[in-house]
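Thank you all for coming. Please have the sequence and the model open while I talk, and we will go from the inside of the chain to its surface.

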Amino acid sequence: MRIKILYFTDKGKTLAERLKDGLAAHEAVIVPKGAPLNIVCGDAFVDNEALVFIGAAGIAVRTIAPLVRDKLKDPPVIVIDENGSFVIPVLSGHVGGANSLALEIADALGA
């Protein structure tokens, strides 16, 4: 699975790097801080790439809201707190694979 990891702080970047190492079985990329979220996320929805937000759930929800169309087609979206303690599937849990990816991420981070 292709995964885009987004972060917003230095602490988030450290966790993103740790997560990328823990997801070696996937094609994970860390999106640089400051990249235009609407374009990055829009492209992920078109290309069916999972999105992993490290930070506030509100940022993820507001960013993906205009993109959400169909639970059978939308990509997995996951939110992780900056401490790496909680991994929450936000979109496409069962059908899209967010639930299983969240478990894999939680295992990789010890969350």
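Which residues does Leu19 touch, not counting residues up to four places away in sequence? In this predicted model, Leu19 touches Ile5, Val52, Ile80, Ile105 and Leu109, again leaving out those sequence neighbours.

Leu19 also belongs to the largest nonpolar core, which has 20 residues, and it is listed with Ile3, Ile5, Val52, Ile78, Ile80 and Ile105 as having the most contacts inside that core. At least two residues of this core come from each of β1 (2-7), α1 (10-22), β3 (50-54), β4 (77-80) and α4 (98-109), and α4 gives the most, with six residues. Apart from this core lies another one, of 13 residues, and Leu6, Cys41, Ala44 and Val79 are among them. As background, nonpolar side chains tend to be buried together in soluble globular proteins.

Let me turn to the aromatic rings. The structure holds one aromatic pair, formed by Phe8 and Phe53, which are stacked at 6.5 Å centre to centre with 20 degrees between the planes. Phe8 lies in the loop between β1 and α1, whereas Phe53 is in strand β3, so the pair ties together parts that are 45 residues apart in sequence. Phe53 counts as buried, because its relative accessibility is 0%, while Phe8, with a relative accessible area of 25%, is partly exposed.

Finally, the surface. Val61, Phe86, Ile88 and Val90 make a nonpolar surface patch of about 350 Å². Within this group, Ile88 sits in strand β5 (residues 87-91), and it counts as partly exposed because its relative accessibility is 43%.

Note on methods
Residues numbered from 1 in each chain as written. Predicted model: local features only at pLDDT ≥ 70, side-chain atom pairs only at ≥ 80, totals over all residues. Heavy atoms only, no water. Patch = residues over 30% accessible without salt bridge, like charges linked within 9 Å, V, L, I, M, F, W, Y side chains within 5 Å. Areas by Shrake-Rupley, 256 points an atom, 1.4 Å probe, with all protein chains shown as cover. Salt bridge = Lys/Arg side-chain N within 4 Å of Asp/Glu carboxyl O. Helix = DSSP H or I, 4+ residues; strand = E, 2+ residues; numbered from the N terminus. Buried < 20%, exposed > 50% of the residue type's maximum accessible area, 1.4 Å probe, protein only. Core = buried A, V, L, I, M, F, W, Y, C linked by side-chain atoms within 4.5 Å. Contact = heavy atoms within 4.5 Å. Phe/Tyr/Trp six-rings, centres within 6.5 Å; stacked < 30°, edge-to-face > 60°.
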